[in-house]
Structures are given as C-alpha cells and as structure tokens.
Amino acid sequence: MLQALADFKIDGFPLWVVALVCAGVFLASFMDAIAGGGGIISVPTHLIAFGSLPTPYALGTNKVSASIGTVFSAARFIRSGYVRWHLFGPAILFALVGSSAGTWLQHRTPDAVLKYLLLLVLPVVAFITLQGREWPDEPGEIDPKKQRAIIWAASFFIGGYDGYYGPGTGTFLMILFIRAAKLDTRHAAGGVKVINLSSNIGSLVTQLASNYVFLGVGLVASVASIAGHYLGSGLAIKNGSRIVRPTVIVVLILLTLKVGSELLFPSFWGYAP
C-alpha cells in the first residue's frame, strides 16, 4: 500500500511534490482572499516543486488553482452585496484583455525586466499604504466619471501585470481602489476578487493554449485553494479594514523580499543564471 502511494504520480510528479504545492496554495489562497498577493506564496511553491522546468509551467499551473479558488471568494463577496456591478461589470472585459496580453508578453520577455521595475515601484506603494492610520469602512468623495476611469484603467494594466507575472496583483488593485477610486474596504475587496478572477481566467486560457499547464496538479491544488479562499474571504467580510490593511502591509514586505531574492539568487527559484 505504502509502496503504491510512493509510486503514484500526477502529471509525472510524485505525491510529496503535489502535497507541497497544495500546502503552499492553501496558505496563498487564505492570504489572497483577505488582501490579494497570494501569488507571493503560490508562485515560489510551484517554482520549487517543478525544479528546473521553465518558469511558464509554474505560472500556468498556478493559474488553475488560483482561478478556481477565486470563484469561491468572489461568490462570498457577491452574495454579501459588496460588488458594484456598474463599476466592475465593464472592468471584467478590461481585465480579461489585459491579462491575455500580459501572458502573451510573458512568453516573449525575460523575467528580470519586470522584477527590476517592481523594486522601484514597491517602496512607493508601501509608502502610500502606510499613510493614514485606518483604511476606510465608508466610501470617499469622488467624481463618478473619474472613479470609473481609475477602476477600468487599473483593471487593464494590473490585469496585464497579473498575466505577465502575478504576485501582488490583488494588493495593487486594493490600494488603487481604496486610495485613488475612494471605495470603502469591503467594496474594494469585492471588486478586487471579481477583477482578479477575470485576469486569472484570461491568463489561464492563454497558458492552456500554449501548453504551459500541468492540469492534474492544478486541479488537485484547487481543493486547497477553495478552502483557503472560503476561510479568508469570510474573515475579510467580517473584519473589514481591521484585518485587510495589516495583511496588505505584510504582502508588500514579502513581495519586496521575494523580488529581491529572485534577482540576487535566481538559481534558487529555478531561473537560469
């Protein structure tokens, strides 16, 4: 029996590798449902598990569990009335187009290009996040046309980033929706889930078309993703800014460390030196 389990493989990977992926995906999904940025955990987990395989295989397989899990956290926000469809309905299309274009670019450009840009952007994002003691539980004043423009532009460009690379996508959207588009924390989080789901789907379709997905591993990891998203979204809905803002700060710190380590120690993450 034990020998049979030891010999059993999914997409050519032994069970311990699949278990490693599932553990990382659960933690990532829990964090992602609260404040975005789950890819900070799940992408490195896939990279380590897949060893020397090209990076697109890790990014593509990660999108399977990310897409399926996000369905459940998005559904919780929708059922609770925290998605404003007049804003985020059209934004779905922008996210789909942006993420598909980003994934197309991912297959044609070096990873290091975006990582150097991220190291410049992250300190600015962290400074904006740390400004002010509280994230709002009530919406701010803003011209509706300006609000739509901000949300739709963010959905396209951050959706493109999600398709290209991914980690931190939900966090960046969260910051823009609260600070620039003046949404309250819960409605911003609901919008993030809808847009993140759209960009995940757009990227996944492109990855599948390019054969960069281990579907069996991704589907098994989706069970862990569903559990993490369900638990995390419940905490975010219940606690609002009290839990979302601290989690965003943690995400930004982890993302900075991850990007820096990828540039300094590329071989550890499975990138070519």
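Trainee: Which residues do ring pairs link into a cluster?

Mentor: Ring pairs join F13, F50, Y57, Y212 and F214. Rings of Phe, Tyr and Trp (its six-membered ring) pair if their centres lie within 6.5 Å. This is a predicted model, where local features need pLDDT of at least 70, side-chain atom pairs count only at pLDDT 80 or more, and totals for chains, interfaces and linings use all residues. Residues are numbered from 1 along each chain as its sequence is written, and side-chain values use heavy atoms, with hydrogens and water left out.

Trainee: How many aromatic pairs does the structure hold?

Mentor: Nine.

Trainee: Why is the pair of Y57 and Y212 called edge-to-face?

Mentor: Planes under 30 degrees apart count as stacked, over 60 as edge-to-face and the rest as tilted. The ring centres of Y57 and Y212 are 5.1 Å apart and the planes stand at 80°, so the pair is edge-to-face. Y57 is in helix α4 (residues 55-79) and Y212 in the loop between α9 (185-209) and α10 (215-239), 155 residues apart.

Trainee: What makes Y57 partly exposed, and why is Q207 called buried?

Mentor: Buried means under 20% relative accessible area, exposed over 50%, partly exposed in between (1.4 Å probe, protein chains only). Y57 has 22%, so Y57 is partly exposed. Y212, at 23%, is also partly exposed. Q207 has 1%, therefore Q207 is buried.

Trainee: What does Q207 touch?

Mentor: Contact means heavy atoms within 4.5 Å. Not counting residues up to four places away in sequence, Q207 touches P56, L59, G60, T103, Q106, H107, Y212 and V213.

How values were computed:
Helix = DSSP H or I, 4+ residues; strand = E, 2+ residues; numbered from the N terminus.
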